[in-house]
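Student: I am new to this structure and would like to learn how to read it. Could we go through it together, one feature at a time?

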Amino acid sequence: PAQPVYAGELPEGLRKISNIIAVSSCKGGVGKSTVAVNLAYTLAGMGARVGIFDADVFGPSLPTMVSPDNRLLVVNPESRAILPIEYLGVKMVSFGFAGQGRAIMRGPMVSGVINQLLTTTDWGELDYLVIDMPPGTGDIHLTLCQVAPLTAAVIVTTPQKLAFIDVAKGVRMFSKLKVPCVAVVENMCYFDADGKRYYPFGQGSGSQARQWHIGYFVVQQFGIPHLFDLPIRPTLSASGDTGIPEVVADPQGDVAKTFENLGVCV
Ligand code: ADP
């Protein structure tokens with residue numbers, strides 16, 4: 001893979017992190033945070049030391065998706081480093097754990113906040129830092145790529161054909177930033193009910209229909225090596241609300257298996 005384009009010297013707090021994985025989507029609400037959190041816990045379940053950085057300053061999801069006892073970040077008075085919150089063996093930092101944030105911020109302020117949260121945190125030794133990126137392609141993505149050497153990106157999308165343009169935009173952005181996209185996750189592909197499989201955004205069922213799935217198209221067109229389907233599952237939504245990630249609540253389930261395969265490819 002090409003070398004990432006981060007500028008300057010690697011900040012102290014990031015030096016002991018082996019891999020930084022960006023989980024990204026062009027739109028909000030497609031399941032990016034769900035994928036980021038479950039991917040992180042899957043990697044932890046495989047024995048890796050893992051952190052999650054929630055880079056979505058305007059809509060941080062992490063605080064609702066996990067339920068640590070202590071929900072406020074603490075700063076080490078001597079080193080001035082932020083100490084990540086730890087929950088079920090995964091370290092995490094989110095603007096949502098930083099107390100009362102501002103509701104309105106200009107772009108440069110947001111970039112400053114992200115930069116500070118990411119680089120002044122004492123992450124310790126990590127095998128993986130999973131970054132839950134803000135939706136879209138813009139300023140914050142550029143900031144993150146300049147501050148941190150991203151190892152790989154995972155793109156999350158829903159199966160509508162219309163989403164193709166957005167996904168292509170995301171792939172092109174990462175390619176410009178010299179970050180390889182290793183997988184596309186097509187979330188909310190189908191749901192099972194009454195013994196039947198339904199494709200709410202797709203074209204019926206069967207392998208022919210599969211060819212039309214947007215993720216497949218992206219994988220073909222951009223040479224992204226891996227494509228994963230995630231179904232609509234009430235338990236996935238519930239786990240986002242109860243604070244116990246699905247792959248932790250049901251480690252033998254189908255969803256956990258999908259994430260294990262995704263974990264292997266990042
Ligand atoms: P994003 O980070 O892209 O904004 P989220 O991961 O926050 O999206 O997901 C949006 C909402 O949809 C959350 O309430 C989440 O629990 C729910 N959700 C995401 N994926 C699924 C799924 N496959 N099945 C059921 N609910 C899902």
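**Reading strands and helices**

Tutor: Strand S1 (residues 17-24) and strand S7 (residues 126-132) pair in the parallel sense over 6 bridges, where two strands pair if DSSP finds at least two bridges between them, and helices (H or I, at least four residues) and strands (E, at least two) are DSSP runs, numbered from the N terminus. This is a predicted model, in which local features need pLDDT of at least 70 and side-chain atom pairs count only at pLDDT 80 or more, while totals for chains, interfaces and linings use all residues. Residues are numbered from 1 along each chain as its sequence is written.

Student: Which residue of S7 stands opposite Ile21?

Tutor: Opposite Ile21 stands Val130.

Student: What is the order of the strands in the open sheet?

Tutor: The 8 strands follow the order S5-S6-S2-S7-S1-S8-S9-S12, with mixed pairing. Strand S5 (85-87) and strand S12 (226-230) are at the edges with a single partner strand each, so one side of each has no neighbour in the sheet.

Student: How should I read the packing of helix H3 and helix H4?

Tutor: Two packed helices are described by the angle between their axes and the distance between the axes. Here helix H3 (residues 107-119) and helix H4 (residues 139-147) pack at an angle of about 35 degrees, with their axes 10 Å apart; axes are lines fitted to C-alpha atoms, for helices over the stretch in contact, and angles run from 0 to 180 degrees between N-to-C directions.
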